[in-house]
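Subject: Structure handover

Hello,

Here is the structure I said I would pass on. My notes on what was found follow below it.

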Amino acid sequence: NASASGRRSVAAPEPAPASTAPPPSSSFMAMSLSAMGGQGRPDKPQPQPSASEPQEPAARTAVVPAGMHWARKVPSPPKPTAPEEAAWGEFVGVKEYQAPEVQQGEAPTAVSDLWAVGMMMFHAVFRDAVPVPDSDKGHVVIPAHEDECLRALLAALLRTDPRRRLQTADQVLAHAFFATDVLGRDGSASHQIVQTEWKIKLLREYGQRLQAGRPPVPIEISMLNLVDSTLGTFVHLPKGTLVQPLHVTFVNASSALASQQMPTMSSLYTSFFAQVLHSPHNLFETCRGAAFLPCSTSTLSMLTQTGLAVDVFELIGRILVKCLIDGYSVPPVLAPSLFKYLLDVEPSLEDLDPFHPQLASALRTIMEINFNSASAIEQAAQIRCQVEALVGSSFKCVSAALTNQAQCVEFTRMITSEVLVCSRKSQLEAFKAGFNVVDLSCYLPVFSPRDLICVFTSPSLERGSNTGYVEAQNRAR
């Protein structure tokens, strides 16, 4: 009821009988005008303005239905005036959300926007923590948090060097933090929420960006002694040149190759890894010729121009990551546990099978023992002795007797790790150090071991190819 608020109102007339005609519209017009201050009566002519006087816009009137009240409309408040636009180059907002390169005068880009995204996530997670750049690590100091994937994502977004920062939204979504499914990240060990081809495509694009605009490095490779020549070349290459393209001159190519086809960069990597596995230096070992691992007794090193000794496996690791940056493949003969070590993943019994099938068979027998039988403990002890004999005298097992299934699982894990990792720990560490010369920390966490095997072992996935993912998955299996 509009009259309750102090506004003037007028009651509508009684409804006419159904048999009578409706009242003329002029009566409703007069009622509306009288409610607006008593002005205007239908029986009194209104003065008309002259042509010279400015005319007000005609007021809108409404027909009030029977049984309702009419009230004067309250005028709308004036619209706020638009704020003045900032001039080009003028600083607007909170400074810490602005990327370091923009603060130094560079033009803003999509990469600088991702810094702002990372800063918003930082404050959303850590509240009142102050973001402080760490010059040693190259990114903002990330406080402790139970989710290490989240800390890794923030570090990748808040890198002070824009070239090392995540470059696109696709790369952000490919990070391990988003590698989850409806069961949660802990239940998704394979990290397959991002398809393998997307991961490989992002990794290839990253390699192209690293090499874009950089001058090529001239090197010479002798095809008569490919392994020693390649290792000798890479030992003298500074680590920073691994992200530059190579301009290779092949020496003695015609006499070394039976075919008349000249070698290429792709054939260089393929031939090197095919020959280094059978090198007279005994760098790699295998049981059935199917899965090669660094030899546990190899201690070969090479000297740089400054006289610094570099482990040969560190050089092989550099060549492998250079092959990845250049977008080429290698023969599928390296053991799966080698790729798992690069990703900090423990080896499994399936990884032991191609390297040492007899030992893997004995461990499977232990895993299948039924401890409800009376002779189970004695049977486990006998097979355990066989396993320790296959491993060798250098392995010292200090665990108690195998009396239940849980102990058998732990014993199998320990033996598998001893054979594939612990017995050749120094060689694997050198190999990993050489591979990590190129920073791939923004990409590798989302790769499963099978994904990484697909990257390296399928020629159809080399740079410029968009096919062959099914072949690569089958090869990885």
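Asp439 and Arg159 form a salt bridge, with 3.9 Å between the closest N and O atoms. Asp439 sits in the loop between helix H16 (425-435) and helix H17 (449-457), and Arg159 in the loop between H4 and H5, so the pair ties together parts that are 280 residues apart in sequence. Asp439 counts as partly exposed because its relative accessibility is 26%, whereas Arg159, with a relative accessible area of 7%, is buried. Both residues also belong to a network of salt bridges that links Arg159, Arg164 and Asp439. Please keep in mind that this is a predicted model.

Other salt bridges

The whole structure has 15 salt bridges. One of them joins the side chains of Arg165 and Glu101, at 2.9 Å from N to O. Arg165 is in the loop between helix H4 (148-157) and helix H5 (169-173), while Glu101 is in helix H2 (residues 100-103), so this pair connects parts 64 residues apart in sequence. Arg165 and Glu101 are both buried.

Lys432 and Asp344 form another salt bridge, and here the closest N and O atoms are 2.2 Å apart. Since Lys432 belongs to helix H16 and Asp344 to the loop between H11 and H12, the pair ties together parts that are 88 residues apart in sequence. Lys432 is buried, at 14% relative accessibility; Asp344 is exposed, at 62%.

Backbone angles

Most residues other than glycine have a negative phi. Asp344 is not a glycine, yet has a positive phi of about 60°. The loop that holds Asp344 runs between helix H11 (336-342) and helix H12 (349-355).

Arg127 is also a non-glycine residue with a positive phi, of about 55°. Arg127 is located in the loop between helix H3 (110-126) and strand E1 (133-134). With a relative accessible area of 66%, Arg127 is exposed, because the cut-off for that term is over 50%.

Helix H10

How many of the residues of H10 are buried? The count is 15 of 15, so H10 is mostly covered. The helix covers residues 312-326 and reaches 21 Å from its first C-alpha to its last, close to the 21 Å expected at 1.5 Å a residue. At its start, a side-chain oxygen of Asp311 comes to within 2.8 Å of the backbone nitrogen of Phe313. Just after H10, Gly327 has a positive phi of about 85°.

Regards

Terms used: Residues are numbered from 1 along each chain as its sequence is written. This is a predicted model: local features need pLDDT of at least 70, side-chain atom pairs count only at pLDDT 80 or more; totals for chains, interfaces and linings use all residues. Side-chain values use heavy atoms; hydrogens and water are left out. Helices (H or I, at least four residues) and strands (E, at least two) are DSSP runs, numbered from the N terminus. The expected span of a helix is 1.5 Å times one less than its number of residues. Buried means under 20% relative accessible area, exposed over 50%, partly exposed in between (1.4 Å probe, protein chains only). A polar contact is a pair of N or O atoms within 3.5 Å; within protein, one must be able to donate a hydrogen and the other to accept it, and residues adjacent in sequence count only if both atoms are side-chain atoms. A salt bridge is a side-chain nitrogen of Lys or Arg within 4 Å of a carboxyl oxygen of Asp or Glu.
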